[in-house]
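Please walk through this fold element by element.

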Amino acid sequence: MDTYADLVFLGGRVVTVDAEFSVASALAVTGGVISAVGGRDDVAPLVGPGTRVVDLRGATLLPGINDSHLHGCAFGMATPPLSLDLGHPAVSSLTDVAEAVREAVGRVPGGQWITGHGWDTGYLDECVSDPSRLPSRRDLDAVSPDHPVVLYSFSGHATWVNSKALELIGVDRDTVAPPGGAIVVDEAGEPTGLLHEGAQALVQNALPPLSRQERTDAIRSNLATLARLGVTSYTEPGLGPGGDGIMRGALGAETLDVYRRLLADGELTARLGVLLLPTGMASTAEEFARTLTALGKPGDADPRRLAILGVKIFADGIVPNKTSWMHEPYIGGGCGSLCVGGETDTERTAEIDAMIRHAHAAGHQLGVHVTGDRACDTVADAFAAAMAEHPRPDARHYVIHGDFLTAHSMKVLAAHGFGVNMNPTIKWTVADMEEEFVGAERAAYAWPYRDAIDAGVRVASGSDAPVTSPDWRQGVATMMLRESKAAGRVSGPEQCIGLAEAIRTYTIDAAWQDFADGWKGSLEPGKVADLCVLDGDLLTADPHDIPEMPVVLTVVDGQVVHDTLRD
């Protein structure tokens, strides 16, 4: 034998995710590539003196998980020790949030900004018992009168600040919100400390931008977490000038430079795909086209490790802020709107059409943030129109989120080979809360996995971290069960999908989104050795137990990046 395997796995459930979703019991890795899949006899000849042989003892070997929508730098910045954890269950009330801020005030120098991430009114006791009770600067002023405080919601579409922060950023009762944003005020017309959508830029612009070292530390923290979770690939959905005002520039162009340096230094322990973000919300088509042209098409030093995949556009907002563009009104009125330039729906539709047409004609893949049903229809039709005007084989455009994807949208996407990137862990998080905005029927329908797959749309799954944790195990359970985080109620059981379908959304179909399904995303000879070992038999597990099944080994390109088997 000229070449022995570096790694051999025996005695497990090797879930290949090939076309037949076949299950083997053994696999070999040679030189970063899968060299054999089958039974013990198929890999035994490849075992040499230097081969590491792993007895899986019935554990499950999967393709490495591909989180196809994850803000890596932002996620690192949003998690301890770089930020306060204000998500559930770390905090359960406004009082808990104030206590966390009070403790931080005691740790940091006077005047330094205190940041936190993850608060969600759906899990704060005072807000749950009284839906009209919203977070306020007054909740924070008593514990932090002198330190400016900025707390980001779990969704990234709302920011909560204290009075000191309002003072420093110059926001008062006379301040006009930027286009596409809202400064929430009380009955007296005074700012409450809540900033929605584009108004968040007011505080972002006042914060010192992230230093290169802070970006590096955040990405390293993110990569360590992903390795522990078995995530071997992810998409940074938007880095560029349009992200300079988001989370202190965590989505800015400089972050891409940091990624490139980590790759050069051998520290990029997951494969990375990137969507460029030329402009943010409320931009015009003219501004978008000008900025995109200036960005050009950056070359990739190693496209299998760091690839510029396409371009991101924001089409509308999110349901909890009533900024998703809907066909039918929200409870309480209003239908939201597109979040691009223009004074009327007609003008805004023309703007989003022009943006999509320009990026498509320039040869880019498009990932468009779109959540409302009317906005989904608008974007799907714009994709089709751009394709008709400039035919391109295999463009692989996709809608990001697609919460209320309609039958019309699905038909259009499927007909043109386009996809949707859905978020099961967000579904799990907001299922109960959304009912107060869109009613029980629409809330149950949100993220229609079953319908989309049945319609022939390619469906990939992503966490949208830091909106939710990049824990794909919870995502798989949610796709199978549709149970909510807060109450455990089933939300839209007709949209449940099976285990094999759920795994595909995190592996081969996510690889398809990356134009990489020919060389990653399944365990087949000749494909790269990106692997994830889950302790226990995933194929027979109760879906309720999947989130607790430990990830015991993660391999990227044949290199072990997480290993508790040897502990």
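A crossing is left-handed if the near helix is turned anticlockwise from the far one by less than a right angle, and right-handed if clockwise. Keep that in mind for the two helix pairs below. The model is predicted.

Two packed helices are described by the angle between their axes and the distance between the axes. Take α12 and α13 as the opening pair. Helix α13 covers residues 407-415, and its axis lies 9 Å from that of α12. The angle between α12 and α13 is about 20 degrees. Angles under 35 degrees count as roughly parallel, so α12 and α13 are roughly parallel to each other. Their crossing is left-handed. On the α12 side, the contact uses Cys 376, Asp 377, Ala 380, Asp 381, Phe 383 and Ala 384. His 408, Ser 409, Val 412 and Leu 413 answer from α13. The α12 and α13 contact comprises 6 nonpolar, 2 polar and 2 charged residues.

Helix α12 (residues 373-389) also meets α11 (residues 345-361). Their axes come within 9 Å and cross at roughly 45 degrees. The pair α11 and α12 is therefore oblique. Here the crossing is right-handed. From α11 come Asp 345, Thr 349, Ile 352, Asp 353, Ile 356, Arg 357 and His 360. From α12 come Arg 374, Thr 378, Val 379, Ala 382, Phe 383, Ala 386, Met 387 and Glu 389. By class, the contact of α11 with α12 has 7 nonpolar, 3 polar and 5 charged residues.

Now the sheet. Strands of a sheet pair through backbone hydrogen bonds, either parallel or antiparallel. In this open sheet, 8 strands pair in parallel, in the order β8-β15-β16-β17-β18-β19-β20-β21. Its edges are β8 (65-67) and β21 (458-461). Each has a single partner strand, so one side of each lacks a neighbour in the sheet. From one strand to the next, the twist averages 25 degrees.

Look inside the sheet at β16 (residues 271-276) and β17 (residues 306-314). These parallel strands are joined by 5 bridges. Leu 276 has Val 311 of β17 as its bridge partner. Helix α9 (residues 253-264) packs on the sheet, where it touches β15 (231-239), β16 and β17. The direction of α9 makes about 165 degrees with that of β17.

Leu 553 has Asp 563 of β24 as its bridge partner. The β23 and β24 hairpin has 2 residues between its strands, and Asp 557 there takes a positive phi near 55 degrees.

Asp 530 sits in the loop between α19 (508-513) and β22 (531-534). Is Asp 530 buried or exposed? It has 6% relative accessibility, so Asp 530 counts as buried.

Beyond its neighbours within four places in sequence, Thr 425 contacts Gly 462, Ser 463, Thr 468, Ser 469, Asp 471, Gln 474 and Gly 475. His 364 is 61 residues from Thr 425 along the chain, and their C-alpha atoms are separated by 28 Å.

Note on methods: Residues are numbered from 1 along each chain as its sequence is written. This is a predicted model: local features need pLDDT of at least 70, side-chain atom pairs count only at pLDDT 80 or more; totals for chains, interfaces and linings use all residues. Side-chain values use heavy atoms; hydrogens and water are left out. Axes are lines fitted to C-alpha atoms, for helices over the stretch in contact, and angles run from 0 to 180 degrees between N-to-C directions. Helices (H or I, at least four residues) and strands (E, at least two) are DSSP runs, numbered from the N terminus. Angles under 35 degrees count as roughly parallel, over 145 as roughly antiparallel, 65 to 115 as roughly perpendicular and the rest as oblique. Contact means heavy atoms within 4.5 Å. Ala, Val, Leu, Ile, Met, Phe, Trp, Tyr, Cys and Pro count as nonpolar, Asp, Glu, Lys and Arg as charged, and the others, Gly among them, as polar. Two strands pair if DSSP finds at least two bridges between them. Buried means under 20% relative accessible area, exposed over 50%, partly exposed in between (1.4 Å probe, protein chains only).
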